[in-house]
Amino acid sequence: MMSEKEAIRTDAEANPSPAKSIGDPGITPLSPSHTQQDETEQMPSGPSFVVVVAIDFGTTSSGYAYAFAKEPECIHVMRRWEGGDPGVSNQKTPTTILLTPDRKFHSFGYAARDFYHDLDPSESKLWLYLEKFKMKLHTTANLSINTDLHAANGKRVKALDIFAYALAFFKEQALKELSDQTGSEFDNNDVRWVITVPAIWKMPAKQFMREAAYKAALASRDAPEQLIIALEPEAASIYCRKLRLHQMVDLGTQTTHNDLGTNDNVGSGMTQVSPSPAKEHVRRNRQSRTFLVENVIGELWSELEEGDRYVVVDCGGGTVDLTVHQIRLPEGHLKELYKASGGPYGSLGIDYEFEKLLCKIFGQDFIDQFKIKRPAAWVDLMIAFESRKRAAAPDRTNPLNINLPFSFIDYYKKFRGHSVEHALRKSNVDFVKWSSQGMLRMSPDAMNSLFKPTIDHIIQHLTELFEKPEVGEIKFLFLVGGFAESPLLQQAVQNMLQGRSRVIIPHDVGLTILKGAVLFGLDPSIIKVRRSPLTYGVGVLNRFVEGKHPADKLLVKDGTRWCTDVFDTFIAADQSVALGEKVKRSYTPAKPSQQVIVIHIYCSEDENVGFISQPGVRKCGTLRLDVSGTKTVAPRREIQTLMQFGDTEIRAMALDVSTGRTVKSSIDFLGQ
């Protein structure tokens, strides 16, 4: 049982000494205790699954794809979602969700957007509509299970519920599609689910996604291996290596296509993959109404040699993720060379710049009011902006027209007492004009200036990355994610690299992550080595050494002088960790007569941590071993503590060597 004193304590206080707060003297390392298990030991692959379904849960758009285990080279991707927008490839659907006034799930994607849009304004105020909510997981400093989101009407909803509703929607869609394909009810137990998240997300955000998936019943806590949380640039990396030469644009050898992102995949005259004749009959039999099937095994592979390095730059709606991978032959396993970096520099940044521009012209007070009073019209305006945003290109000369919804013009007149046209004339923004057809006319320079802050951030990040000593020679730079379709971004990346490495863009750049996530689910062992994002360790007592240990850490118990609060490191931040690697340490109770052994696990973003009371160190797990009523013949009782590093989950275990008793715990980044 937790002592009362410990239960009352909150995390806001500094981490107190494990020894002083629990009323027992804690544990002390047995030397020699530092054993690190050989990385050849693999994580058990778990049960086999009939099908892998990957969900790319994006900031701006989402989609799913799947492959059967017996046909791993055929990836099925949604052909188009109902209700899509003109001029945009609709193989993904917007990440928008609508709840009824009594907070029940109503719809997702285009369906949610269209239904909300058609509601009467007086009614729409009561419905809860959310979009672009994924960024909240990246930007919330102290994310927890109780974190809230704001709907368009200003009402608060629990983030966990919204994420769970969205995942449940994809689960239902996928199981229905699989049932149609196989001709019988498809069982969720036969599915391995893969959900993609940005690599730069902190551990609480990654765990949050897993908790939402449990809530949506994709998998359960008892069978966590049914769900893999994959990192977006890693998924992209796996897919990019399998590309065929006619499935990509090599920016070094040809001009950028400006019509990227139209429905014919990418650019002029590029076609879908042509399957081998042998596969043709399989495809014909099972070519579903909505899904395209594609074969993946590529020629780019033949150009990669042992030790080759490449960078994957994943440019999404919310974040930009940079990951450096190195090839290990013969199987072509991947090793992460440099800890994923990046930041909130996705294409959403351009939307914010556009919003700032509108505030400059029409006044922040009006825009804030308009968003709340006419939420559906605001959504409309942003859709109109989205399609023009995609038309921005470095060599564009003619202006871009953005339709202003009638209710914008009408509401502005009521709000200010003068016309939109008047506001434009009065504002100092000379590169945005009013056209008599009810449109904002933006010069190409005006549009390009909206892109500039976001693109500058990405280029700065890439420049810093290429200066890192561990990055060295980079053979390819893969540009993936929806924002990678932007010719402005493509040109900026090329100018920055000046031929130092080849820039390669897969044709269906917005689906790269989704397809890679399917491949990862089929063979999770492909990623061999990652960099640990955090330092992990346990709180222990060491013998007090005068001059080495601070006096305020001295604890005298039964005549023995101990130093409390010592952080005993299992693995340091930025250290290479093989997936499935186990790190083992041995401890002994500081006091032989102890009845309960409590081991607290701590983590920190700092590489070097001396004491658990240092700023930034937080408790993320506890192991409790009851050793009452058991005797040991050994002079000192050995407690083995083991940490195993999985996909985005870390498991800890303690074993009493003399009795064989064990306790397990998974590290919790949300609830402590």
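## Close-up views of a predicted model

**View 1. Thr641 and the residues around it.** Leaving aside residues up to four places away in sequence, Thr641 touches Phe570, Val583, Lys584, Arg585, Tyr587, Ile599, Leu623, Met653 and Ala654; contact means heavy atoms within 4.5 Å. The model is predicted: local features need pLDDT of at least 70, side-chain atom pairs count only at pLDDT 80 or more, and totals for chains, interfaces and linings use all residues. Residues are numbered from 1 along each chain as its sequence is written, and side-chain values use heavy atoms, with hydrogens and water left out. Thr641 sits in strand β32 (residues 639-645). Helices (H or I, at least four residues) and strands (E, at least two) are DSSP runs, numbered from the N terminus. With a relative accessibility of 1%, Thr641 counts as buried. Buried means under 20% relative accessible area, exposed over 50%, and partly exposed in between, with a 1.4 Å probe and protein chains only. Ile599, one of the residues touched by Thr641, is 42 residues from Thr641 in sequence and 8.7 Å from it in space, C-alpha to C-alpha.

View 2. Strand β33 (residues 650-656) pairs with strand β34 (residues 661-666) in the antiparallel sense over six bridges. Two strands pair if DSSP finds at least two bridges between them. Leu655 has Thr662 in β34 as its bridge partner. The hairpin has four residues between the strands, and Gly660 takes a positive phi near 80°.

View 3. Three strands in the order β19-β21-β20 form an open sheet with antiparallel pairing. β19 (400-403) and β20 (432-435) are the edge strands, and each pairs on one side only. On average, neighbouring strands of this sheet are turned by 30° against each other, direction ignored. Axes are lines fitted to C-alpha atoms, for helices over the stretch in contact, and angles run from 0 to 180 degrees between N-to-C directions. Strand β21 (residues 439-442) runs antiparallel to β20 and is joined to β20 by four bridges. Opposite Val432 stands Met442 in β21. Helix α15 (residues 444-466) lies across β19 and β21, and runs at about 85° to β21.

**View 4. The open sheet β8-β7-β9.** This open sheet has three strands in the order β8-β7-β9, and the pairing is antiparallel. β8 (105-108) and β9 (128-131) stand at the edges with a single partner strand each, so one side of each has no neighbour in the sheet. Strand β7 (residues 96-99) and β8 run antiparallel and are joined by three bridges. Ile97 stands opposite Phe108 in β8.

**View 5. An aromatic cluster.** Phe362, Phe366, Phe370, Phe408, Tyr411, Tyr412 and Phe415 form one aromatic cluster. The structure holds 30 aromatic pairs. The rings of Phe370 and Tyr411 have their centres 6.1 Å apart and their planes at 40°, so this pair is tilted. Rings of Phe, Tyr and Trp (its six-membered ring) pair if their centres lie within 6.5 Å; planes under 30 degrees apart count as stacked, over 60 as edge-to-face and the rest as tilted. Phe370 in helix α11 (residues 364-373) and Tyr411 in helix α13 (residues 406-416) are 41 residues apart, so the pair links distant parts of the chain. Phe370 and Tyr411 are both buried.

View 6. Most residues other than glycine have a negative phi. Gln498, not a glycine, has a positive phi of about 45°. Gln498 lies in the loop between α16 (487-497) and β23 (502-506) and is exposed, with a relative accessible area of 71%. Asp565 is not a glycine either, and has a positive phi of about 65°. Asp565 lies in strand β27 (residues 560-571) and counts as buried at 3% relative accessibility.

**View 7. Cysteines without disulfides.** The structure holds zero disulfides, a disulfide being a pair of cysteine sulfur atoms within 2.5 Å. For Cys620, which is in no disulfide, the nearest cysteine sulfur is that of Cys603, 3.8 Å away. Cys620 is buried, with a relative accessible area of 0%. Cys74 also counts as buried, at 1% relative accessibility.
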